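Please open the model in your viewer and keep the selection tool at hand, as this tour goes from stop to stop and says at each one what to select and what is there.

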Amino acid sequence: MSVLVGSIVMLGMLVIVPLGLGLVQDPALDRVRRLWPLFAVPGAVSLWLPRGDAAAALALCYAAGTLLLASHAPRRLARLRSARPAEAAVLTALVTPSVAALALVAERFGHELFGFELGILALTVPHFHFAGFAAALVCRAQDGPAGRFAALSVPLGTLLVLVGYFAGERTELAGAVVLTAGMWTVALLTWRTVRVAGPDRVTRLLLAVSAGVLAVTMVLALSWALGEATGLPHPTLTWMAATHGLGNALGFALCALLARRRLQDLTRTEGTTA
């Protein structure tokens with residue numbers, strides 16, 4: 001499982017975060033995006049070293065980058081002074097990689113942070129890259145009441161899952177329910193976008209894959225959280241990493257962000273032409 005999780009985290013570090021930052025279209029983030037490889041590459045290397053000082057030192061390099069990114073959240077909030085759901089989603093995306101980095105540093109050092117086993121810390125890293133960062137940026141792209149619901153429920157669900165790590169399985173289950181509701185809403189709205197004639201065939205395919213995969217993977221997340229809270233039979237963590245984790249990384253996050261990037265470029269081209 002460590003090889004699979006490491007590969008998924010590498011995708012999050014090296015591809016998902018810089019791709020997502022480009023979608024925010026905030027000039028204040030341009031410097032962070034340019035410098036990101038300087039932080040992400042050492043972080044990616046740390047995943048393949050034995051636990052210890054060297055791996056932790058490289059993970060700290062990545063943590064420094066995530067803290068730099070997180071520092072833009074209060075500045076953006078002070079600058080825009082917006083309480084819109086879409087803005088709450090952006091702020092969530094700016095902060096969640098730092099949560100992942102904290103877990104990464106502890107896990108690479110071999111320290112059971114807050115009493116959590118190293119395996120749980122390892123799985124926290126991809127969770128806050130994909131369910132936190134990527135999902136927040138995807139849900140903010142949707143308009144209307146349903147889009148606003150998704151933009152609020154995804155950050156709220158992610159926060160409840162984090163709190164559930166400390167408060168217990170039932171709080172984590174509540175977070176999974178809220179997060180699943182938000183992500184299913186994103187899948188529904190994405191599917192509606194697929195049916196619009198505007199996007200090209202490749203973009204529609206990327207959107208369709210992201211919507212379909214998301215609908216399935218969140219069922220798995222909900223079943224796991226329900227099983228943890230109630231003792232009912234549920235998938236193992238290894239099986240969840242191979243299905244829910246891999247599906248969300250490749251099928252949802254990567255496809256959705258690539259599709260949003262293509263839609264963004266199309267809108268920019270049309271505006272330039274006009």
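Select C61, a cysteine that is partly exposed, with a relative accessible area of 31%; here buried means under 20% relative accessible area, exposed over 50%, and partly exposed in between, using a 1.4 Å probe and protein chains only. The model is a predicted one, in which local features need pLDDT of at least 70 and side-chain atom pairs count only at pLDDT 80 or more, while totals for chains, interfaces and linings use all residues. Residues are numbered from 1 along each chain as its sequence is written, and side-chain values use heavy atoms, with hydrogens and water left out.

Stay with the cysteines and select C255, which counts as buried at 13% relative accessibility. The structure holds zero disulfides, a disulfide being a pair of cysteine sulfur atoms within 2.5 Å.

Next, select residues 53-70, which are helix 3, together with helix 5, and look along their axes, which come within 8 Å and cross at roughly 170°. Helices are DSSP runs of H or I with at least four residues, numbered from the N terminus. The axes are lines fitted to C-alpha atoms, for helices over the stretch in contact, and the angles run from 0 to 180 degrees between N-to-C directions. Helix 3 and helix 5 are therefore roughly antiparallel to each other, since angles under 35 degrees count as roughly parallel, over 145 as roughly antiparallel, 65 to 115 as roughly perpendicular and the rest as oblique. Among the residues that make this contact, you can pick out A59, Y62 and L67 of helix 3 and P97, A101 and F109 of helix 5, where contact means heavy atoms within 4.5 Å.

While helix 5 (residues 85-109) is selected, find E87 within it. Is E87 buried or exposed? With a relative accessible area of 3%, E87 is buried, and, not counting residues up to four places away in sequence, it touches R76, L80 and S82.

Now move to helix 1 (residues 2-24) and helix 2 (residues 30-46), whose axes come within 9 Å and cross at roughly 170°. That makes helix 1 roughly antiparallel to helix 2. The contact includes M10, L14 and L21 from helix 1, and W36, A40 and A44 from helix 2.

In the loop between helix 1 and helix 2, select Q25, which is exposed, with a relative accessible area of 52%. Its phi is near 60°, a positive value in a residue other than glycine.

Continue to helix 7 (residues 144-167) and helix 8 (residues 169-194), which pack at an angle of about 155° with their axes 7 Å apart. Helix 7 and helix 8 are therefore roughly antiparallel to each other.

For the last stop, select L214, whose place is in helix 9 (residues 201-230). L214 counts as buried at 1% relative accessibility. Which residues does L214 touch, not counting those up to four places away in sequence? They are M183, W184, V186, A187, N248 and F252. If you label the C-alpha atoms of L214 and W184, you will find them separated by 7.2 Å, although the two residues are 30 residues apart along the chain.

How values were computed. Helix = DSSP H or I, 4+ residues; strand = E, 2+ residues; numbered from the N terminus.
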